[in-house]
Amino acid sequence: MGIFFREGPYTVQGEGMKKRRDIYRKGRLPAGMIFLGGFLLGSILPNILWRMEWHQKTAASLYLIGAFADKTSSDHGYLLQVLKMRGSMYLLGAFCGVSVFGVPLAVIGILITGIQTGILLAMSVLQFGLQGGLIGAGLLFPQYLIYLPCLFYLMKLVYSQSLDIWRSHGLFPAKVSDYISRVLLCGAVYLAGIFLEAYCNPVIVDILMKSLKIF
């Protein structure tokens, strides 16, 4: 007489918990889930705090960005500013990958990026309605099409490398060499996003500001 085991809800739940444990055991960073959580948090906060002074700062920021978009692409000052801001963040993450600080930095970095993106879009919509939402999206285009994949890839590398250091309590030259080569390759793609932000994004924002006539 055979014995049959029926798969129930506890089995499914147990498998789900096992999969989540395997993710962290194998050194995988759920970057998409963390970003989405931060994005949702960033979208909710402005709605709760709308009565405060945040909307004035958002309006001023949009105005300054729109005014700056009138500059020509020959102005390399903005490129240096973007390079300093984005490049320093990238280098900080890359260096933390060869230390025990890479694990918390990877999680916090993606979370903060999601929160900032959500806040920007939410505040733009709250201040100017649908047109403001288009402006907010324009502020992220096209550079974020490169930034986000590179950020996810870099932070996964940082998380995995730093987690290996935690486990082994040391650095292995072969793994560090592979890590550095991947970071440099990702950095080359990330650099393309910096140029897009410096030269293409101001033009796009300028076109949106003039066509929508918010100011």
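Author: Let us begin with the words for exposure: a residue is called buried when its relative accessible area is under 20%, exposed when that area is over 50%, and partly exposed in between. Please keep in mind that the model we are looking at is a predicted one.

Reader: Then where does L208 fall, buried, exposed or partly exposed?

Author: L208 is partly exposed, because its relative accessible area is 22% and the buried class ends under 20%. This leucine lies in helix α8.

Reader: And which residues does L208 touch, apart from its close neighbours in sequence?

Author: Once the neighbours within four places in sequence are set aside, L208 is in contact with L134, I135, G138 and K213. As for L139, the C-alpha atoms of L208 and L139 are 9.8 Å apart in space, while 69 residues separate the two in sequence.

Reader: Let me step back for a moment, then. How many helices and strands does the protein have?

Author: The protein has eight helices and zero strands, so that, by the definition of these elements, the order from the N terminus on reads α-α-α-α-α-α-α-α. Of its 215 residues, 37% count as buried, and among the contacts between residues at least 6 apart in sequence, 86% join residues at least 24 apart.

Reader: Changing topic, what is the volume of the second largest pocket?

Author: The volume of the second largest pocket is about 280 Å³. It is lined by 16 residues, and those lying nearest its centre are Y90, L91, A94, V183 and L184.

Reader: Which helix gives the most to that lining?

Author: Helix α8 gives the most to the lining of the second largest pocket, with ten residues. Both α4 (77-96) and α8 (173-212) supply at least two residues each. By class, the lining has 14 nonpolar, two polar and no charged residues.

Reader: Now to S162: why does S162 count as buried?

Author: S162 counts as buried because its relative accessibility is 0%. The place of S162 is in helix α7, and, leaving aside its neighbours within four places in sequence, S162 is in contact with C96, G97, S99, V100, F101, G102 and V103.

Reader: One last thing, about the peptide bond from F141 to P142: is it cis or trans?

Author: That bond, from F141 to P142, is cis, with omega near 0 degrees. P142 has its place in the loop between α6 (130-140) and α7 (144-168).

Definitions and conventions:
Residues are numbered from 1 along each chain as its sequence is written. This is a predicted model: local features need pLDDT of at least 70, side-chain atom pairs count only at pLDDT 80 or more; totals for chains, interfaces and linings use all residues. Side-chain values use heavy atoms; hydrogens and water are left out. On a 1 Å grid over the protein atoms alone, a cavity is a set of points where a 1.4 Å probe fits but cannot get out, and a pocket is an open set with protein on both sides within 12 Å along at least five of seven lines; lining residues have an atom within 4 Å of a point. Grid points are joined across faces, edges and corners, and a volume is the space filled by probe spheres set on the points. Helices (H or I, at least four residues) and strands (E, at least two) are DSSP runs, numbered from the N terminus. Ala, Val, Leu, Ile, Met, Phe, Trp, Tyr, Cys and Pro count as nonpolar, Asp, Glu, Lys and Arg as charged, and the others, Gly among them, as polar. Buried means under 20% relative accessible area, exposed over 50%, partly exposed in between (1.4 Å probe, protein chains only). Contact means heavy atoms within 4.5 Å.
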